[in-house]
Amino acid sequence: MHKKQTVLVFCAHSDDQIFGPGGTAAKYASQGDDVISIVFACGELTHPWLKRRIISEIRKNEAKDADRVIGGKDVLFLGINETEFLKEADSDWVKGKIEHMIRHYRPDKIFTHSKDDPHSAHRAVNKTVIDALEKTKYKCDTYAFDVWNPLNFRGRNEPKMYVNITDTFSLKIKALKCFKSQWVTMISLLWSVYLRALMNGLDAGCKYAERFYKIR
Ligand SMILES: [Zn+2]
């Protein structure tokens, strides 16, 4: 029998948890695991003509819709201001919050951005999560995902983990389509989501796969 696991996904933006490990999260959820996503930013920079509060509500609702599609248990928002992202991600308030979540949920697995991601906000989340794990001395399998870079990074020597997402790939796509306020960007990027899942699938010997690096 499958032992129920708790899986935490820490990410910078409200759609990273789907772009990165969305198929894997849906797979765990379908096995009965609790998947909880924690989003650092509230996404107000994407639509500067709308009031910050309004766009932040829209993006929260989209992320909740996407979470329902993948069968997640919850998606939580730290509401970090994107113009201050790097400073706030490194603040005692945010660090304390992440430490508290780790102690509270006692996750079996953690997924977060990789430390060499091209996006500085993604790297900042990685650092905050790793710092919190070190501070709390909490031990669990921790994996890094990539959001946009389809290519292998040179110099990465962490062990890879491929997850066969053939059965849940359609849920990942359906969840991505929940981000309607991002539709223009989303539609232009969907091909790369397919391509990446197919390329990882080739490596893993299945149709579609997601690839992670085990960082702890
Ligand atoms: Zn992001």
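This is a predicted model: local features need pLDDT of at least 70, side-chain atom pairs count only at pLDDT 80 or more; totals for chains, interfaces and linings use all residues.
**Entry 1: lysine 137**

I looked up lysine 137 and found 6 C-beta neighbours inside 10 Å, so lysine 137 counts as exposed. Next I asked where lysine 137 has its place. I found lysine 137 in the loop between helix H6 (120–136) and strand S5 (141–145). Then I checked the backbone: phi of lysine 137 is near 55 degrees, a positive value, and the residue is not a glycine.

**Entry 2: arginine 106**

My next stop was arginine 106, which is not a glycine but has a positive phi of about 45 degrees. I traced arginine 106 to the loop between helix H5 (92–105) and strand S4 (109–113). Is arginine 106 buried or exposed? I found 11 C-beta neighbours inside 10 Å, and the cut-off for exposed is 12 or fewer, so arginine 106 counts as exposed.

**Entry 3: helices H2 and H7**

I turned to a pair of helices, H2 (residues 22–30) and H7 (residues 169–176). Their axes come within 8 Å and cross at roughly 115 degrees. I noted the crossing of H2 past H7 as right-handed. Which residues make the contact? On the H2 side I listed Gly22, Gly23 and Ala26, and on the H7 side Phe169, Leu171, Lys172 and Ala175. I sorted the residues of this contact by kind and got four nonpolar, two polar and one charged.

How values were computed: Residues are numbered from 1 along each chain as its sequence is written. Axes are lines fitted to C-alpha atoms, for helices over the stretch in contact, and angles run from 0 to 180 degrees between N-to-C directions. Helices (H or I, at least four residues) and strands (E, at least two) are DSSP runs, numbered from the N terminus. A crossing is left-handed if the near helix is turned anticlockwise from the far one by less than a right angle, and right-handed if clockwise. Two residues are in contact if their C-beta atoms, placed from the backbone, lie within 7 Å. Ala, Val, Leu, Ile, Met, Phe, Trp, Tyr, Cys and Pro count as nonpolar, Asp, Glu, Lys and Arg as charged, and the others, Gly among them, as polar. A residue is buried if 20 or more other C-beta atoms lie within 10 Å of its own, exposed if 12 or fewer, and partly exposed in between; C-beta atoms are placed from the backbone.
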